[in-house]
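Good morning, everyone, and thank you for making the time. Please have the sequence and the structure open while I talk.

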Amino acid sequence: MNTTTKTCLIVDDSKMIRRVATRILRDLQFEPSEAGDGREAMEMCRASMPDAILLDWNMPVMDGLSFLKALRSTNGGTKPVVVFCTAERDVIKIAEALDAGADEYVMKPFDSDILESKFSEVGLLG
Amino acid sequence: MSGSLSLKPSYYEALKRLTAELVGVKLGDDHTFLVETRLATMARKEGFENLSQMVDELFSRGQTRLAIHVVTALLERATSFFDGRAGYEAMGDILLPKLHPLYRGGSVRILSYGCSSGQEIYSAAILADKLKHVLPDMDIVLTGVDYPSQALERAKAGRFTHFEVQRGLPIRHLIKYFDKDGEDWVVKRSLRNRITFIDHNLLADIDQLGTHQIVMFRGRLGQFTTPARIRILRGLGRLVSANGYLMLGSHEKLDDMNFGFEREMVAPGCYQKSQKQYIPEPDIQDSLQEQTDQERAINNTA
């Protein structure tokens, strides 16, 4: 495997979304991994910080916003580029996510063009 | 539309000829699907039962108005925000800073020629807004021009879908410059009011559009036949003011003919208006004469 391959952790409680995102990110030359909620994602980040995180908002156990706040205050937790990926489309919610340290924001439903555009926006591609 | 009714190959060939003759755009053989879906929608709007009936009408009666509507529908192009990012970087880092000392205290005019649904000129407007403190005391006046079309109507309304606003537009720009309205996003009035949109008929005189310091015509050259390309570039040469710039796509060039621009690009695809008097080369004049004859023939038959 190419040593420059970037890693991306997909955090979503929907297995279907994780599967779709995994396929798109593989096409974009990422090495994806998956977590089903914020707590599981936090444990994985403590073990190894990914280059990027695609993050759902509403999840059981620990939601995306709580995860993001916890991540950004963890040692090394400012490094990953975090792209929210959620059905929340309210401007106030989007602003809240950005204030908490999100780098970009995808509103569901999304397609491969949107993910590619957003990842390119935050310098993760090329 | 009846699913079983598709366009006869001879009609498709005739539409290709019409588009090439009227505006000099080459439709490829792989455009059949696009032609059918766009024209089927238009046929319903025009009150025809189906696409074949509209095309029958077009070729049996040769109506100019219908021909222009059909060709315009075929030319509509999909655009996205900040498409060809390098061009906007050139505009913000090179072109506008070079114009600033010349136009400080006044205004710089930017034109998007063939603005379609408006993403290009709205992106330029966002860039202009971001630069207002870096380049003070200089108004940036923006104009989007295209053939009368559904795309242009959407540009005027500044209304974009959930998918369109997520292609090329950073989320911070979305929440700063747009309001959510149902499922769509609408450009805020403060940004929308900076742009004038102009319906420019297919066969109208380009000189009516005045002069501009930056004229954007990006990623479009390849679709035109050689005589049409020469005619358009020559027209655009007249739209660019002294000291102004023509912006083509980052991978596009003027090649051997300079159309009144300096030969050296100031940034990829960006040419400054030449200070020298422009005299068309003889071969260009011949091609232009040919094109004018062709247009006259179309007008006479229409």
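I will go through the sheet of each chain and then turn to the interface.

First, the conventions: this is a predicted model, in which local features need pLDDT of at least 70 and side-chain atom pairs count only at pLDDT 80 or more, while totals for chains, interfaces and linings use all residues. Residues are numbered from 1 along each chain as its sequence is written, chains are lettered from A and ligands numbered from 1 in the order in which they are written, and side-chain values use heavy atoms, without hydrogens and water.

In chain A, five strands make an open, parallel sheet in the order 2-1-3-4-5; helices (H or I, at least four residues) and strands (E, at least two) are DSSP runs numbered from the N terminus, and two strands pair if DSSP finds at least two bridges between them. Strand 2 (30-35) and strand 5 (104-107) of chain A are at the edges with a single partner strand each, so one side of each has no neighbour in the sheet. From one strand to the next the twist averages 20 degrees, where axes are lines fitted to C-alpha atoms, for helices over the stretch in contact, and angles run from 0 to 180 degrees between N-to-C directions. Strand 3 (residues 52-55) and strand 4 (residues 81-86) of chain A pair in the parallel sense over four bridges, and Leu54(A) has Val83(A) as its bridge partner in strand 4.

Chain B has an open sheet of seven strands with mixed pairing, in the order 6-2-1-7-8-10-9. Its edges are strand 6 (195-199) and strand 9 (261-267) of chain B, each with a single partner strand, so one side of each is left without a neighbour in the sheet. Here the twist averages 25 degrees from one strand to the next.

Turning to the interface, 19 residues of chain A are in contact (heavy atoms within 4.5 Å) with 16 residues of chain B. The two chains bury about 1,600 Å² between them, 58% of it on carbon and sulfur atoms, buried area being the accessible area (1.4 Å probe) that two parts lose on being put together, summed over both. The rule finds four salt bridges across this interface, each a side-chain nitrogen of Lys or Arg within 4 Å of a carboxyl oxygen of Asp or Glu. Arg167(B) and Asp111(A) meet through their side chains in a salt bridge (2.5 Å, N to O).
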